[in-house]
Amino acid sequence: MSFKNRHVISMKDFSREEIDYVLDTAEKLEPVARGEERSRLLDGKIISLLFFEPSTRTRLSFEVAARRLGGQVLNLGSVEASSVMKGENLADTIRVISKYADLIVLRHPLDGSARMATEVASVPVINGGDGSVHHPTQTFLDLYTIRRESHLEGLKIAMAGDLKYGRTVHSLCHALSLYGAEMTFVSPPELRMPSEIVRGLRKQNICVKETDSLEEIIGDVEVLYMTRVQQERFPDPDEYEKVKNSLRITGDLLKAAGPDLKILHPLPRVNEISPEVDETSHARYFEQAFYGVPIRMALLALAMGVIE
Amino acid sequence: MNEKRNLKVQAIENGTVIDHVKAGQALNVLRILGISSAFRETISFVMNAPGARGKKDVVKIEGKELSIEELNRIALISPKATINIIRDFKVIQKNEVVLPSYVEGVVRCTNLNCISNSSEPIKSKFSVLQSEEEGVSLHCLYCDHVISEEIAENLL
Ligand SMILES: [Zn+2]
């Protein structure tokens, strides 16, 4: 399977076999990601990080991934402040950066910007998040975390929090459906999973349940994927206060959990996971953040064709 | 009465007659074909004409045979329309419009945050799907947004 010169834009572009291949590659690179082994796989390669909106976490993990593989990073930082591209359209910027770098990581606030970039780029483009739609490297790292910390095939997973606007859970649902997961969606009524997604999953014979209570499901799932509920989604502050407390993982709640339950969160969290949870064997969100490095190493190396 | 109605539809020497257009959509037919004030041929149309299957619009374009691909875009807003190619006052070809599987630069994406609505030098691109339950829908190839009901309102 060759990924050389392939763009990474949306999870929907990847088959289950291809996803497995990326995850396998990440696993092989994990010792390098941990700094236990050295690698020169990207020796002489230049990776351009083109971020049109701030996302320190994503940018840093790409930068670490590139450097751990011996690559050079062209960090265009906050592009809105850069005079180089003032007034230039994105298409031209991508054309120019294509001449400087061997791969472009793009983060941009407009939906579909990464797809457009692939039309003009002469090097592979990795979508580091475009608008509110796609963030495939996040989904890859979520899948990798689930595979490393639990298992993917036939997983019983609950996703909780803002399921309406949370792009990470939307593409995670799609990817997990390829592995026959059983999914439970936990959210306040205002922030339910969009009905077209639920319908789509049921059409694929995926078992889907919806509830607003974590208590109800906590003893029944193997992975609990928490997301942040943003206050600004609620017109009524009292409503937010209610939700904030009903979708919160505490030590008490975990008493009903199975011993193997793993809790994930894309971070940053606000108050949906109380700090006492961090010390339990269930907490896996800091590992999850680390797994972003081997996953991004794998995607960089595969797209540049240094691993085939 | 019947004769008069036929005259309305067929009285051109050479060109294209688009018949059975959904009532009220004639102006949108011109838009979807990209026909603006710069167009030099004669165009005439009838709106809300009584027909055997209820009211319809008819658009006649004289002196020009449009390509079938161009004409098929009409299916997006009027799936029952028919295309009559006229030569020497005779209908030499009569086709129903066929829904294209892809359209470019025809419809605006209704997602305001879509890159195709920005100042980038690109055209909107959609794949066209048809299902029994939801009818015609357009899927934006940039942002994945789906347009189903408001296609006519978003013609470029
Ligand atoms: Zn769009």
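# Close-up views of a predicted two-chain model

View 1. A:Val96 sits in helix H3 of chain A, which spans residues 90-100. Please keep in mind for this and every other view that the model is predicted. Together with A:Leu74 and A:Tyr100, A:Val96 makes a nonpolar surface patch of about 260 Å². A:Val96 counts as partly exposed because its relative accessible area is 33%, between the 20% and 50% limits.

**View 2. The largest cavity and its lining.** Searching the whole structure turns up two cavities of 30 Å³ or more. The largest cavity, shown here, holds about 80 Å³ of space. Which residues line the largest cavity? They are A:Met226, A:Thr227, A:Val229, A:Tyr240, A:Val243, A:Lys244, A:Leu247, A:Val270, A:Asn271 and A:Glu272. Helix H9 of chain A (residues 237-246) provides the largest share of this lining, with three residues. Sorted by class, the lining of the largest cavity has six nonpolar, two polar and two charged residues.

View 3. Elsewhere, A:Arg16, A:Asp20 and A:Glu153 are joined into one network by salt bridges that share partners.

**View 4. A salt bridge with a buried glutamate, A:Glu30.** Over all chains, a search of the whole structure gives 23 salt bridges. In the one shown here, the side chains of A:Glu30 and A:Arg34 meet at 2.6 Å, N to O. Is A:Glu30 buried or exposed? A:Glu30 is buried, because its relative accessibility of 6% falls under the 20% limit. A:Arg34, by contrast, is partly exposed, with a relative accessible area of 39%.

View 5. A:Glu63 and A:Arg59 form a salt bridge in which the closest N and O atoms are 3.7 Å apart. Why are A:Glu63 and A:Arg59 separated by about one helical turn? The reason is that they are four residues apart in helix H2 of chain A, residues 56-68. A:Glu63 is buried, with a relative accessible area of 14%, while A:Arg59 is partly exposed at 22%.

**View 6. The largest pocket, lined by residues of chains A and B.** This pocket has a volume of about 1500 Å³. Its lining comprises 42 residues, and those nearest the centre are A:Lys12, A:Glu196, A:Ile197, B:Asp144 and B:Val146. Which elements each supply at least two residues of this lining? From chain A they are helix H5 (136-149), helix H6 (167-177) and helix H7 (195-203), and from chain B strand S7 (125-131) and strand S8 (135-140). Helix H7 of chain A gives the most, with six residues. By class, the lining of the largest pocket divides into 13 nonpolar, 18 polar and 11 charged residues.

**View 7. The second largest pocket.** Here the volume is about 810 Å³. Of the 31 lining residues, A:Arg167, A:Thr168, A:Arg228, A:Pro266 and A:Leu267 lie nearest the centre of the second largest pocket. Helices H2, H5, H6 and H11 (285-303) of chain A each contribute at least two residues to the lining. Helix H2 of chain A gives the most, with five residues. The lining of the second largest pocket has eight nonpolar, 15 polar and eight charged residues.

**View 8. A loop proline in chain B.** B:Pro79 belongs to the loop between helix H3 (68-72) and strand S4 (82-87) of chain B. With a relative accessible area of 48%, B:Pro79 is partly exposed. How far apart are B:Pro79 and B:Val136 in sequence and in space? They are 57 residues apart in sequence, and their C-alpha atoms are 9.1 Å apart in space.

How values were computed:
Residues are numbered from 1 along each chain as its sequence is written. Chains are lettered from A and ligands numbered from 1 in the order in which they are written. This is a predicted model: local features need pLDDT of at least 70, side-chain atom pairs count only at pLDDT 80 or more; totals for chains, interfaces and linings use all residues. Side-chain values use heavy atoms; hydrogens and water are left out. Patches are made of residues with over 30% relative accessible area and no salt bridge: like charges are joined within 9 Å, nonpolar side chains (Val, Leu, Ile, Met, Phe, Trp, Tyr) within 5 Å. Accessible areas come from the Shrake-Rupley method with a 1.4 Å probe; for residues, only the protein chains shown count as cover. A salt bridge is a side-chain nitrogen of Lys or Arg within 4 Å of a carboxyl oxygen of Asp or Glu. Buried means under 20% relative accessible area, exposed over 50%, partly exposed in between (1.4 Å probe, protein chains only). On a 1 Å grid over the protein atoms alone, a cavity is a set of points where a 1.4 Å probe fits but cannot get out, and a pocket is an open set with protein on both sides within 12 Å along at least five of seven lines; lining residues have an atom within 4 Å of a point. Grid points are joined across faces, edges and corners, and a volume is the space filled by probe spheres set on the points. Ala, Val, Leu, Ile, Met, Phe, Trp, Tyr, Cys and Pro count as nonpolar, Asp, Glu, Lys and Arg as charged, and the others, Gly among them, as polar.
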